[in-house]
Amino acid sequence: MLARYEQLIASGELVEDRDQRAAAARLDKLQKELEADRPGGRLGQFFNRTRISPRGVYMWGGVGRGKSMLMDLFVERLKISEKRRVHFHAFMQEVHERLREARKLETGDPIPPVAAAIAKGLRCLAFDEMVVNNSADAMIMSRLFTQLIKEHNVTVVSTSNRPPRDLYKDGLNREHFLPFIDLIEADLDVVELDGPNDYRMDRIGGLATWHHPISKTTTEKVREAFFKLTDFRPEDAEHVPSAELDVGGGRKLHVPKSLKGVAVFSFRRLCKEARGASDYLAIARTYHTVFLVGIPRMTKDDRNEASRFVTLIDALYEHRVKLFTTAECEPEDLYPSGDGAFEFERTVSRLNEMRSQEYMALGHGAVQ
């Protein structure tokens, strides 16, 4: 893998990056260990129960640091058939479906047989974007991954935007999740990619973020930005994963498209439905980029929608979330009259600032 990474630098397809090189070297070492550690024959199968799998890797860092690129390169170059690369959201959806089916059998704890089924014929499980944003996932992950790693010798490789200790931070019943963090730190090498460059932003630099009016053309431009940010294949658009986001009080918010820290919502879902500050804060803390589509021109009768929109934009702005939109008009014309129209002017100012390259270059997170 490292040789291929160096070829990409030599050809000018990648820029020399110290952290990326260190991560590539660690993945190269893991590749060699997995390829050398092939179970062989009946004797190897007999002793497979006690075979210790190579240590996995947990790569974390800011948006656009090249984590997914390195993951793809590792999986592509890994010359074993017992490997699987999957987006973390999609994997957890599969796990919950398997658990539902296992519970129907009423044969006791469903996690061991589900882990065994997942691990069958698998030696390396590679996740893109490990993020935990609901209690249902958090409650089972420690036991599930202990089974996969300790009982079935599956080597786990993962990317994430967050260090292990920040996973599911402030989440409901987080104490049940802490053993999973301990497992990561004990059984995976944590590799940080912490350079200043956002290589993904290089690809979308100069792209407009506010698109109006709402049309097939503007929708296509926003769609293009989504696929550039997520590295997802446009031809596979129907399979972009969704998510269920904990927003407090035992409530969940359905995220129609959720991938690599990027979320897609409609204005109707976020501002026409009854929502509050906790919903918007959960979104702002979880996602570095939000696509909000279908923003209408609001009248004086839409004061509730306008008020929710103000609260949403405040949360996104204060957490430096990047915003891509389709709207009927420019921000100045969104809510020209009605209760709160004067206060709405601050939102207009923030929306215009969020379109600037200076704002787009800011890192995700609450302003201290």
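Analyst: What follows goes from the nonpolar cores to one helix pair and then to some backbone details.

This is a predicted model, in which local features need pLDDT of at least 70, side-chain atom pairs count only at pLDDT 80 or more, and totals for chains, interfaces and linings use all residues. Residues are numbered from 1 along each chain as its sequence is written, and side-chain values use heavy atoms, with hydrogens and water left out.

A nonpolar core here is a set of buried Ala, Val, Leu, Ile, Met, Phe, Trp, Tyr and Cys residues joined through side-chain atoms within 4.5 Å. Buried means under 20% relative accessible area, exposed over 50%, and partly exposed in between, with a 1.4 Å probe and protein chains only. The largest such core has 40 residues, and those touching the most other members are Phe265, Leu270, Ile283, Phe309, Leu316, Leu334 and Phe344. Helix α13 (residues 303–318) supplies the largest share of this core, 8 residues. Helices (H or I, at least four residues) and strands (E, at least two) are DSSP runs, numbered from the N terminus. A second, separate core holds 36 residues, including Ala102, Ile118, Ile149 and Tyr168. In soluble globular proteins, nonpolar side chains tend to be buried together.

Contact means heavy atoms within 4.5 Å. Leaving aside residues up to four places away in sequence, Phe265 touches Leu253, His254, Val255, Pro256, Leu270, Ile283, Val290, Phe291, Leu292 and Val293. Leu270 sits in helix α11 (residues 267–272) and is buried, at 0% relative accessibility. With the same exclusion of residues up to four places away, Leu270 touches Leu253, Phe265, Arg275, Tyr280, Ile283, Leu292, Arg308 and Leu312. From Leu270 to Glu35 the C-alpha distance is 48 Å, over 235 residues of sequence.

Another buried residue is Phe74, with a relative accessible area of 0%. Phe74 belongs to helix α4. Its contacts, not counting residues up to four places away in sequence, are Met1, Leu27, Leu30, Gln31, Leu34, Cys124 and Val157. Phe74 and Ala126 lie 52 residues apart in sequence and 9.3 Å apart in space, C-alpha to C-alpha.

Helix α4 (residues 67–77) also packs with helix α1 (residues 2–10), at an angle of about 130 degrees and with the axes 10 Å apart. Axes are lines fitted to C-alpha atoms, for helices over the stretch in contact, and angles run from 0 to 180 degrees between N-to-C directions. The pair is therefore oblique; angles under 35 degrees count as roughly parallel, over 145 as roughly antiparallel, 65 to 115 as roughly perpendicular and the rest as oblique. Arg4, Tyr5 and Leu8 of α1 meet Met69, Leu70, Leu73 and Arg77 of α4. These contact residues divide into 5 nonpolar, no polar and 2 charged. Ala, Val, Leu, Ile, Met, Phe, Trp, Tyr, Cys and Pro count as nonpolar, Asp, Glu, Lys and Arg as charged, and the others, Gly among them, as polar.

Some backbone details remain. The His212 to Pro213 peptide bond is cis, with omega near -10 degrees, and Pro213 lies in the loop between β6 (210–211) and α10 (216–230). Asn153 is not a glycine, yet has a positive phi of about 55 degrees. Asn153 is in the loop between α7 (135–151) and β4 (155–160) and is buried, with a relative accessible area of 8%. Asn173 also has a positive phi, near 55 degrees, but counts as partly exposed at 32% relative accessibility.
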